[in-house]
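Hi everyone, thanks for coming.

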Amino acid sequence: MKRFLVTTALALALAATASFAAAATVGQLAPAFAATDVNGKSVSLADFKGKHVVLEWTNPGCPFVVKHYGAGNMQATQQDARAKGVVWLTINSTSTDAGDYKAPPALASWMASQKAAPSATLMDADGKVGKAYGARTTPHMYVINPAGLLVYAGAIDSKATSNPADIPGATNYVKQALAESLTGKPVSTSTTRAYGCSVKYSSGA
Amino acid sequence: MKRLSVTPWLFAAALASAGTAQAQAFAKPDAGAVVTTPQVRAELVAHAPDGITPGKPVWLGLKIEHQPHWHTYWKNPGDSGLPTTLKWTLPAGLTAGDVVWPTPSRLPIGPLMNYGYEGTLLLPVALNVPADFDAPTVRLKLEAEWLVCKEVCIPESGEFTLELPTGASTAMHAALFDKTRSAAPRTVDKAEATAEVRDGALIVKVAGLPAAWSGKKIEFFPETAGVVQNAAPNNGRWSGGVWTTTLPLDAQRSAGPATMPVVLTTAGETAGAWFDMKVTTPWPPVAQVAAAPLPSLGNAAVTTPASPGAAPLGLAAALLLALMGGALLNLMPCVFPVLSLKVLGFASAASRPDARRKLLAGGLAYTVGVVLTFVALAAVLLALRAGGEQLGWGFQLQSPVVVAVLAALFTLIGLNLAGVFELGTVLPSTWAAARAKHPLADSFLTGVLAVAVASPCTAPFMGASLGLAMTLPTAQALLIFAALGLGMALPYLAASAWPALARALPRPGVWMAHFKTVMAFPMFATVVWLVWVLGQQAGIDGAAALLAVLVALAFTAWALGSPTLGPKARGGFGAAAALLMAASLFWAAPALRQEATASVPSQGDQWQPWSPERVAQARAEGRPVFIDFTAAWCVTCQFNKRTTLADAAVLADFESKRVVLLRADWTRRDAAISAELARLGRSGVPVYVVYAPGAAGPRVLSEILSPDEVRAAIAGAPA
């Protein structure tokens, strides 16, 4: 009986973290998702079959996001990618109960004020997409190839600091992964440790 | 003297956090060793009880006092955050060592886990004093950066200066330094930590921990970031003085070190135990997509491993294969009896006037029924996949309930063919009249039924085209399934368009009644197979429950539909049948819902369950790998398993070449297997994959497996 109880407790504990245990893995199919953008339009990953897709986790309240937007690095990466026909989805998984939650219009105007250039800015306040991808930090970056496989997961660049002065000397992993994947090469750095603030998932999750 | 560097970006960060974090505090112009922000008070401190003397201990440190609930991070911050960094500017000759990180705490945030410190923290650093050092005072300068978080995070930095007399004692913070030193992680004599990578987890064994720790709950802190899931529940357990825990690997693992420094703690101990944990098994390679996406079909592309046997198909070729695969479905034992009887019916009908037009209309209605049902099934599958489900073709049979319903359907068809009951007796006369009145609807429903009965049969050509279908844009994917349906309907459509074909069949006669009865047996054979599939899914209890339901169903069909029973007998037997049916369903329902806990590899023990780690491990050992992606409900898989994979020459080659045999069982839903199939460009089973030693990638063999092909592939011969 005791053993049974221990096993049950363990199973429950595992189930509690199952959302992250099953997170997306590089080299495998990127989890499908659909979410609503800041203009109320539904956007699904399946809409972009046959194209490269970049996912960017964001939260304007996070200094690391501000580091890359304030210095124009994120926007430059977005423009560079979209010029090559790449779809760019910026996703905000901040829960509505977090202090720095931004409602869709507020997020849209923040993105506009930053002159951000994603294909769409998606709301994921319930954290479903974020958990499917195992997104931990803002920013946290993912690259999906035209066959729907995840080819890069991790940091925006190689210098894990909050100081924008470090951006010019850092390797931009997203640019690198796209350059390689677009020319048919395997992605040389396919997984890195993302750095930044925690994604503000609902504490009940 | 003292200055807190508040740079513009930091200021912007504070402003951007929408008022949740207060704006950054500016430094107060007092003593040089202290920086105060709304979140922390940080101070550069020193401990040199014997002065700055060569050979005597000299410690520096950054003392951080956090406001309640604010924290800074350990050297491995966990899922987010950054460790505090210290940059020293020291007089010539003096050098500072690395931070001696105190034992951290676990700091959960939502589903994430961080490692760090709250309260009062000292990050101590040893100062190395050379033998010839000689100066009256020492001026120290420190630039420190730290990330302080509660719910929001604020990157802060400060510049600190401190002047120490060389010849006098500095011991103002002796108590803090002593306390920190006693709380630092330390090595334990004769203790050892080792780890193995197995089944997607790091299995850690620690022997020789202090006796006082025995039986207590142990916390585990890896110094290497990005290896294990930090937030995984602690399942550590004690067994004979050895502590073991299983830590799931991070799905996005970025490191695979041969040794991992780790810190263990337990409640009631101030100091953690430090280990340089050896990882004794090879790491699976950090995932990387090997092949480039090959552009095809306009903007769509599929990725398949770079092997000649698995070149991506063009849309036209895929449509053609789908058409042929569909036509072949008609010969499957589950479909043939139903359709052959329908076609035989044409022979008699064709002699009636006006028959041609009616027959053709019926044939077209049947075709529409088949195509629409296939497209509907595919649409459901694609919708579920878009919703994030990891499914592939054949998903219908991964549910025990669907398998049970199909078994019941086949039993009823078989009993009907065998003459146990007549539909006309069971169904209300209005229904029969409706059927006669709406022959087109009847033909349409026959088409729907044909797809339902065909769904367990996977035709040899379907694997490749359905695999392609899943990677295509929705419209093209549905087109493939429509072609499959069209292929299946073609023979029937042809027979209805040219009744001459039907007339070429033997003339109707008493043989047709015999033929009908004989056709009942392939139906019952299909039921046997479905019961076996259900047994794989729900165990022997589930299979027995299904058989009980089938017996009750057969009795019910006989009681209500037997042409030999009178109305009185029918009433009595019918009531008994209803009771029997209800009782068997009541008993069976939970057994059908309950899935078997573990699937036991049924054939020999040289087959091991498949996992990506097992493949990587075998390849790292230089052994060839053969993977059988299979499912109990897949006929082709079972055929290959009992022929080619049981072939003596193949088995001898497996043995002599030390091939690692892995079986990926897709009988029940399994996201890892679905994802691997997708990676191989497939969405259904069977799939046979060989990794020859030294080969760059996997080689996918054909679905109808021949012994020669397997032997050539494991010998590493070019395809």
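First, some bookkeeping: residues count from 1 along each chain as its sequence is written, and chains are lettered from A and ligands numbered from 1 in the order in which they are written. This is a predicted model, where local features need pLDDT of at least 70, side-chain atom pairs count only at pLDDT 80 or more, and totals for chains, interfaces and linings use all residues.

On confidence, pLDDT is the predictor's confidence in each residue, from 0 to 100. Chain B has a mean of 78, with 79% of its residues at 70 or more. Residues 290–312 of chain B are below 50. For the complex, the predictor gives an ipTM of 0.78 and a pTM of 0.52.

Now the sheet. Helices (H or I, at least four residues) and strands (E, at least two) are DSSP runs, numbered from the N terminus, and two strands pair if DSSP finds at least two bridges between them. In chain B, five strands form an open sheet in the order E21-E23-E22-E24-E25, with mixed pairing. Which strands stand at the edges? They are E21 (607–609) and E25 (699–701) of chain B; each has a single partner strand, so one side of each is left without a neighbour in the sheet. Further in, E22 (residues 625–630) and E23 (residues 660–665) of chain B pair in the parallel sense over six bridges, and Val625(B) stands opposite Val660(B) in E23(B).

Next, the helices. Axes are lines fitted to C-alpha atoms, for helices over the stretch in contact, with angles from 0 to 180 degrees between N-to-C directions. The axes of H18 (residues 648–656) and H20 (residues 707–714) of chain B come within 9 Å and cross at roughly 15°.

Finally, H6 (residues 400–418) and H14 (residues 520–561) of chain B pack at about 25°, with their axes 5 Å apart. H6(B) and H14(B) are therefore roughly parallel to each other as well.

That's my tour, and I'm happy to take questions.

Terms used. Angles under 35 degrees count as roughly parallel, over 145 as roughly antiparallel, 65 to 115 as roughly perpendicular and the rest as oblique. Two residues are in contact if their C-beta atoms, placed from the backbone, lie within 7 Å.
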